[in-house]
Amino acid sequence: MSEVQKQEDQLAIEIRDLNKWYGEFHVLKNINLQVQKGERIVICGPSGSGKSTMIRCINRLEEHQQGEIIVNGVPLVEDVKKIEAIRKDVGMVFQHFNLFPHLTVLENCVLAPIWVKKVPRKEAEATAMKYLERVKIPEQALKFPGQLSGGQQQRVAIARSLCMNPDVMLFDEPTSALDPEMIKEVLDVMIELAQEGMTMLCVTHEMGFAKTVADRVIFMDAGQIVEENEPETFFNHPEHERTQLFLSQIL
Ligand code: ADP
Ligand code: MG
């Protein structure tokens, strides 16, 4: 195996010269990003800078017009089968949980494994219970999402993603819709996941989380990656004026 090949095998995600427009609006401008397997990346930046759009492109919730996105060695192109494969490998957790309100917690967790992965129900339920235990709410399994607190719902959403046994987890501001007292219980689950070696891309402004787990922090503004660095340097010696301004507003 060549050195280049070996290096590519270590990449969970590769984004090359990504450009995206919403109509006339140039929302992502020449994004380049390589994520190693097992790497934890935090993405921050002002509202409207394109953070959600970028991570939504990674599992094809949004289409891009230019450039390449390669997930686990598979380029994202107009091939539905490949997109399904990517969605199986890449879990996503949203700001507003996006659980199915008419299904119990357990049914939320087993739905995709049974229907997409064809896992037998018994096995899917056992896996679901294992992950509900991991996020510390096995006793909520037969309740409906509306009967749970926001923090509990978000932990269900994380467990549900894990039930698909993803290689990569994408988080889009997972704690920003939560009451302050519930933020920690969700961050603790994310920290555990990071410590177990999950490849993670997290859009978040929880800078304590970034300092604890991130290998790299990326700052986006106006559709571009303005600056990226390991947390120590990023927070203590931000290079660009826009990064400095942003940090002065949130820290
Ligand atoms: P962030 O997550 O950093 O707040 P977004 O990726 O959500 O930013 O949005 C980036 C920009 O794209 C914003 O100006 C937003 O209004 C715009 N935008 C987002 N989604 C759409 C859409 N579906 N159609 C048109 N414009 C959009
Ligand atoms: Mg967003």
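Mentor: Helices (H or I, at least four residues) and strands (E, at least two) are DSSP runs, numbered from the N terminus. By that rule the protein has 10 helices and 10 strands. The model is predicted: local features need pLDDT of at least 70, side-chain atom pairs count only at pLDDT 80 or more, and totals for chains, interfaces and linings use all residues. Residues are numbered from 1 along each chain as its sequence is written.

Trainee: What makes the protein as compact as a globular protein of its length?

Mentor: The radius of gyration, taken over C-alpha atoms, is set against a globule rule of 2.2 Å times the number of residues to the power 0.38. The protein has a value of 18 Å, close to the 18 Å that the rule gives for 251 residues, so it is as compact as a globular protein of that length.

Trainee: Which strands form the open sheet, and in what order?

Mentor: Strands pair if DSSP finds at least two bridges between them. Four strands form the open sheet in the order E2-E1-E4-E5, with antiparallel pairing. Strand E2 (25–36) and strand E5 (74–75) each have a single partner strand, so one side of each is left without a neighbour in the sheet.

Trainee: Why are E1 and E4 called paired?

Mentor: The definition asks for at least two bridges, and 5 bridges join E1 (residues 11–22) to E4 (residues 66–71); therefore the two strands pair. In E4, Ile-70 is the bridge partner of Glu-14.

Technical notes: Chains lettered and ligands numbered in written order. Heavy atoms only, no water.
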